[in-house]
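Hi everyone, thanks for making time for this one. Let me put the structure up, and then we can walk through it together.

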Amino acid sequence: MEKTDILSLDLHELEAELVRAGEKKFRAKQIFQWLHVKKVFDFDKMTDISVQLRGRLKENFCVNGLFVQKRLESCIDNTVKYLYRLCDGNFVETVLMEYSYGYSLCISTQVGCKMGCRFCASAIAGFVRNLEPSEMLMQIYETEKNSGVKISGLVLMGIGEPLDNYDNVVKFLRLLSHKDGNNFSLRHVSLSTCGIVPKIYELAELKLGLTLCISLHSAENSARSEIMPINRAYNIQELLEACRTYIAETGRRITFEYAVMDGVNSSEKDADRLAALLRGMNCHVNLIPVNKVKERQYTTAGTAVADFAKRLEKRGINATVRRTLGSDIEAACGQLRRDAINRVGNGGA
Ligand code: SAH
């Protein structure tokens, strides 16, 4: 019989499993706290649980660990990039970043990605599978253990499209923020999407309190469809309508991410279009220099980001420029995993 992944179970599910096995319901909370508060994953070390129950837990449940395949430390800043190997041999990337207010972690939500954005390294190696809630949690728990730091901010901006793994991502967020568990405030979570419109409406209804980031990258449909295939399914107008609903439902400001690419999206006309699109909206624009991906030709000239920020400012749109962290350690998403696959030569699966 296949063992159940215990870290992906919420408290109710764990209670139901234990009651079904003839155990007392309150045991579930004890076990939940061992896992999510004390971060103890070895059943033998759960000392307030009887030896008999520990034995039964071992027979029926497992904790799918993550293994550090590679750990790269930046010499420029304190960014640390982890390439984690999952139980089935797949790889994901996790990046730990230091800010003045604390440590923030960027986690992956899928092994690979289906979205096919032209400028993104994750798209090149293709899609393998969704991550389980436990595998998203473990990126946090394992990184905290490995680095010895407490993570206070979380961004879902690693490999994968979080809204294409909606149910597991929502379950992960509920587990992470559970008051009897890790009790992480979802106010300190940012979720980034390329724009899967129906899921934005669903997420709005949940009112989780997180910050929604939209990878916009162009305010013009034909240009956006060219670099982001998702735009052919849900165009900019449909996306913006969903964003307006999200803001109205949640009262939260949206962040629009915009990677400035030479000759693609940074002209005066592009600034006009973007300003017209976002004027009056409760939002914020985050400009990013494009991370060079070997197989792709996209570039950002030296002053292009600052120039585009000025163009937006002149049009009354405030934009911040994202600090590039770990530029010496291939911190661009998906590059480490792709290199590892190329070396191992098994598609990472
Ligand atoms: N799938 C989600 C989250 C993962 S990508 C999304 O699309 O938002 C995280 C962010 O990095 C997105 O804004 C994405 O567009 C951006 N990104 C991907 N490749 C990039 C590159 N080469 N240079 C700059 N930003 C990139």
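Let's begin at the interface: domain 1 and domain 2 bury about 1200 Å² between them, with 61% of that area on carbon and sulfur atoms. Buried area here is the accessible area, taken with a 1.4 Å probe, that two parts lose on being put together, summed over both. The size of an interface is often given in this way, as the accessible area lost when the parts come together.

Before going on, some housekeeping. This is a predicted model, where local features need pLDDT of at least 70 and side-chain atom pairs count only at pLDDT 80 or more, while totals for chains, interfaces and linings use all residues. Residues are numbered from 1 along each chain as its sequence is written, and side-chain values use heavy atoms, with hydrogens and water left out.

So, the domains. Domain 1 covers 4-62 and domain 2 covers 68-345, with bounds that come from an automatic or database domain assignment. Their C-alpha centres lie 34 Å apart.

The rule finds 3 salt bridges across it, a salt bridge being a side-chain nitrogen of Lys or Arg within 4 Å of a carboxyl oxygen of Asp or Glu. There are also 6 residue pairs in polar contact between the domains, both residues at pLDDT 80 or more. Helices (H or I, at least four residues) and strands (E, at least two) are DSSP runs, numbered from the N terminus.

Glu144 lies in helix α5 (residues 133-147) and Lys39 in the loop between α2 and α3, so the pair ties together parts that are 105 residues apart in sequence. Lys39 also has a phi near 55 degrees, a positive value in a residue other than glycine. Is Glu144 buried or exposed? Glu144 is buried, with a relative accessible area of 13%; the cut-offs are under 20% for buried, over 50% for exposed, and partly exposed in between, with a 1.4 Å probe and protein chains only. Glu144 has a further salt bridge with Lys150, the closest N and O atoms being 3.7 Å apart, and Lys150 is exposed at 57% relative accessible area.

Let me go back to α1 for a moment. In this helix, residues 11-20, the buried residues are Leu11, Leu14, Glu15 and Leu18. Seen down the axis of α1, they fall within an arc of 100 degrees, so they line one face of the helix; that arc is taken from the directions from the helix axis to the C-beta atoms. What covers these buried residues includes α2 (26-36) and α3 (51-60). The face turned away from the buried side carries the exposed residues His12 and Arg20. At the start of α1, a side-chain oxygen of Asp10 reaches to within 3.1 Å of the backbone nitrogen of His12.

On to a few other spots. Glu93 sits in strand β5 (residues 91-99) and is buried, at a relative accessible area of 3%. The side chains of Glu93 and Lys81 are joined by a polar contact of 2.9 Å. His217, in the loop between β11 (211-215) and α8 (221-227), has a positive phi near 65 degrees and counts as buried at 4% relative accessibility.

Last stop: the structure holds 21 salt bridges. Among them is Glu268 with Arg311, at 3.0 Å, N to O. This pair links distant parts of the chain, with Glu268 in helix α11 (residues 268-278) and Arg311 in helix α12 (residues 304-314), 43 residues apart. Salt bridges that share partners join Glu268, Asp272, Arg311 and Arg315 into one network. Thanks, everyone!

How values were computed
Contact means heavy atoms within 4.5 Å. A polar contact is a pair of N or O atoms within 3.5 Å; within protein, one must be able to donate a hydrogen and the other to accept it, and residues adjacent in sequence count only if both atoms are side-chain atoms.
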